[in-house]
Amino acid sequence: MPATYRMDAYRAPVPATVPGARTIGTATAHDLWLHHAASFVDVLPRAPHPAGLPAGTIWHRAPHRDIPGSLWLPDTGYGALPPPMQAYFASGLTRESGGDRGRKLVIYCRADCWMSWNAAKRAAAMGYRAIDWYPLGVDGWRRAGLPLAIARPAPRPVVTEAASGSPAPAHTAAAR
């Protein structure tokens, strides 16, 4: 388990726990969802615009499916977030929790994805006290035959190298 955040190789087996969060399985996540007992936050990155498309090519992203009613905060699970993305993550959590840092949040991504681990740890560092980490994420939900909905990302900043002070990953500078 890294001392801070996972900075690369995000699609890999994850630890069993996240400091400051409770690990939950599909049955618990489903129960929380059914009873509206938590806010669900998906941190799966948004697919970038493919490099090398000829000029004028029309390209559409594939629909992103997540747990119905989730707030999708794409690109907030990376190990290092530029200040605009950190603010985007913070404002999204504030909006979902109504400003109550004791409100239950379920943070997820996909199975074997460090993005949700990083985001859950980051939320705990921000003072959220009722974080449930769902490491099976949308993959576990789908395998259980539970409903999925087409998601739209929460409006977010476009982060460039100039805004972050360091080279921006291609996914953050891509056209939205």
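D132 is buried, its relative accessible area being 1%, where buried stands for under 20% relative accessible area, exposed for over 50% and partly exposed for what lies in between (1.4 Å probe, protein chains only). R22, by contrast, is partly exposed, with a relative accessible area of 42%. The model is predicted, so local features need pLDDT of at least 70 and side-chain atom pairs count only at pLDDT 80 or more, whereas totals for chains, interfaces and linings use all residues. Residues are numbered from 1 along each chain as its sequence is written, and side-chain values use heavy atoms, with hydrogens and water left out.

The side chains of these two residues, D132 and R22, form a salt bridge with an N to O distance of 2.8 Å, a salt bridge being a side-chain nitrogen of Lys or Arg within 4 Å of a carboxyl oxygen of Asp or Glu. Because D132 belongs to strand β6 (residues 131-134) and R22 to strand β1 (residues 22-23), the pair ties together parts that are 110 residues apart in sequence; helices (H or I, at least four residues) and strands (E, at least two) are taken as DSSP runs, numbered from the N terminus.

## Further salt bridges

The structure holds 5 salt bridges. One of them joins R156 to D75, whose closest N and O atoms are 2.3 Å apart. This pair links distant parts of the chain, with R156 in the loop between β7 (149-151) and α5 (161-164) and D75 in the loop between β4 (71-72) and α2 (83-97), 81 residues apart. R156 counts as buried at 15% relative accessibility, and D75 counts as buried at 1%.

D139 pairs with R110 in another salt bridge, the closest N and O atoms being 3.4 Å apart. Here D139 sits in helix α4 (residues 137-143) and R110 in the loop between β5 (105-108) and α3 (114-125), 29 residues away. D139 is buried, with a relative accessible area of 10%, while R110 is partly exposed at 31%. Elsewhere, salt bridges that share partners join R22, K104 and D132 into one network.

## Helix α3

Helix α3 has 12 residues and reaches 16 Å from its first C-alpha to its last, close to the 16 Å expected at 1.5 Å a residue, the expected span being 1.5 Å times one less than the number of residues. Just after α3, G127 takes a positive phi of about 100 degrees.

The helix is mostly covered, since 10 of its 12 residues are buried, among them W114, W117, K121 and R122. The buried residues of α3 pack against α2, β5 and β6, with contact taken as heavy atoms within 4.5 Å.
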